[in-house]
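Here is a colleague's note for someone opening this entry for the first time. Please keep the sequence and the 3D view side by side while reading.

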Amino acid sequence: MKPKILILGGGYGGLRTAITLQNNLKDEAEVTLISKHDYHYQTTLLHKVAIGTLSARKARIYIRKILDLNKVHFIKDKILSFEPEAKRVIGNGGVYEYDYLVIALGFRPDDFGIKGVKKYAHKLSSLNAALKLDKLIEYRFKEYCHTKNADDLSVIVCGTGFTGIEFAAELASRLDELCLISGIPRNVPKLTCIGRSERILPMFSKASSALAQKKLEAYGVEIICNGEVQECREDGVIIKHNDEIKHIKGNTILWSAGVKGNDSLEKSCFTTTKGRIKVDEFLRCPEYHNVYVVGDCAIYASRDAIHAPTAQLSAQMGDYVGKSLIKILKNQTQKETFAFAHRGTVCSIGHTDGVGIVYKRAISGEMAAFLKNFIENKWLFGIGGLKLVLKNGQFRYRTSN
């Protein structure tokens, strides 16, 4: 009988594993991809969906359209539990057996137990969550002529990493248009970013962080660093800043302060830290060498440095695991350990601006915006070719003037 390879999750890591196997195997194994959605979406673009600058139609990439279903079976289901001793997983729709398992179930927001976050804060954890936030923001701008409630137009972003800053920048760059359409004075909407770090985007150099903050402040965004959120409320957040307790008012709160692994994984028999498994140098679960973990569910460390979960890391993990499984199927030994090749990172500041570092060189402005789009389009090309790039790609990177 053919070996059964089961891939859980249709994100960057899981999809890249499936595509790698699909492109290099004929009929040596029975490959199955299971995802709770029948579409893939780029999590790095959810901030655009949440502001309405990227449509749901363009954001969705249907998995059955990009897979060769003669080589990779696809099942839409939600995974509930794991039984690694019996080599099977349990989903809503049934029991799935495997010889080799790839866990790529993605992330969920981490509220760190802070009161009110779960009830009152929005999270960019899925495409549906981003669409819901987009509708809310649009509704509140359109209804302001009736409510006259300025707090409805006050948006608070908790977290000054990539997600929070890209969302804030995308919204800030669109405020002029939203105010014009809705007939609202430009000084009414307020946008506040709150972070615990000493500066925004702490993964960048101080110069790049300062430049990004300057660009945001030019849009009118208020930046609060060294601010610790104590509580989220219906009408804003309570923070501790400079040893003072402050109430930042606003009826729309985005929580982007951290992520953790999958719920079902955290409740499983695997040894996890907040739903994430610490993998070995071959990206295997230490307890079960036929179980691989990639993406946000994996804790991967090299040279005593733990790498933060990113789309770039997830994709490279998925490609590596796919190639490892190919070697196993061909009775070869995988001697090469996984090594993350960090090619750079770009944070967009609206459509036509950004900051980042590419091959250790700091970039900004339209060049950063161009490279951000290039990175997104490269991913699309890798899973669906030129046709998918032309259909779903990102191309605007320059201002009209």
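1. Basis of the note. This is a predicted model, in which local features need pLDDT of at least 70 and side-chain atom pairs count only at pLDDT 80 or more, while totals for chains, interfaces and linings use all residues. Residues are numbered from 1 along each chain as its sequence is written, and side-chain values use heavy atoms, with hydrogens and water left out.

2. Helix H7. Helices (H or I, at least four residues) and strands (E, at least two) are DSSP runs, numbered from the N terminus. Helix H7 covers residues 162-182, and its 21 residues reach 29 Å from the first C-alpha to the last, close to the 30 Å expected at 1.5 Å a residue; the expected span is 1.5 Å times one less than the number of residues. After H7 comes Gly-183, with a positive phi near 70°.

3. Burial in H7. Buried means under 20% relative accessible area, exposed over 50%, and partly exposed in between, with a 1.4 Å probe and protein chains only. The buried residues of H7 include Gly-164, Ile-165, Phe-167, Leu-171, Leu-175, Leu-178 and Cys-179.

4. H6 against H7. Two packed helices are described by the angle between their axes and the distance between the axes. For helix H6 (residues 127-147) and H7, the angle is about 35° and the axes are 11 Å apart; axes are lines fitted to C-alpha atoms, for helices over the stretch in contact, and angles run from 0 to 180 degrees between N-to-C directions. On the H6 side Leu-133, Ile-137, Phe-141 and Lys-142 take part, meeting Phe-167, Leu-171, Leu-175, Leu-178, Cys-179 and Ser-182 of H7, with contact meaning heavy atoms within 4.5 Å.

5. The sheet S25-S26-S27. This is an open sheet of three strands with antiparallel pairing, and two strands pair if DSSP finds at least two bridges between them. Its edge strands, S25 (344-348) and S27 (361-364), each pair on one side only, and the twist averages 10° from one strand to the next. Strand S26 (residues 354-358) is joined to S27 by four bridges, and Val-355 has Ser-364 in S27 as its bridge partner. Helix H11 (residues 365-392) packs on this sheet, touching S25, S26 and S27, and its direction makes about 100° with that of S27.

6. The shape of H11. Which residue is the kink in H11 centred on? The kink, of about 135°, is centred on Gly-384. H11 spans only 23 Å between its end C-alpha atoms, whereas a straight helix of 28 residues would span 40 Å at 1.5 Å a residue.

7. The sheet S6-S7-S8. This too is an open sheet of three strands with antiparallel pairing, and S6 (79-83) and S8 (94-97) are its edge strands. Neighbouring strands are turned by 25° against each other on average, direction ignored. S6 and strand S7 (residues 88-91) pair over four bridges, and Ile-90 in S7 is the bridge partner of Ser-81.

8. Val-291. This residue lies in strand S21 (residues 288-293) and is buried, with a relative accessible area of 0%. Leaving aside neighbours within four places in sequence, Val-291 has contacts that include Tyr-98, Leu-101, Ile-103 and Phe-270. The C-alpha atoms of Val-291 and Lys-87 are separated by 9.3 Å, although the two residues are 204 residues apart along the chain.

Technical notes: The bend at a residue is the angle between axes fitted to the seven residues ending there and the seven starting there.
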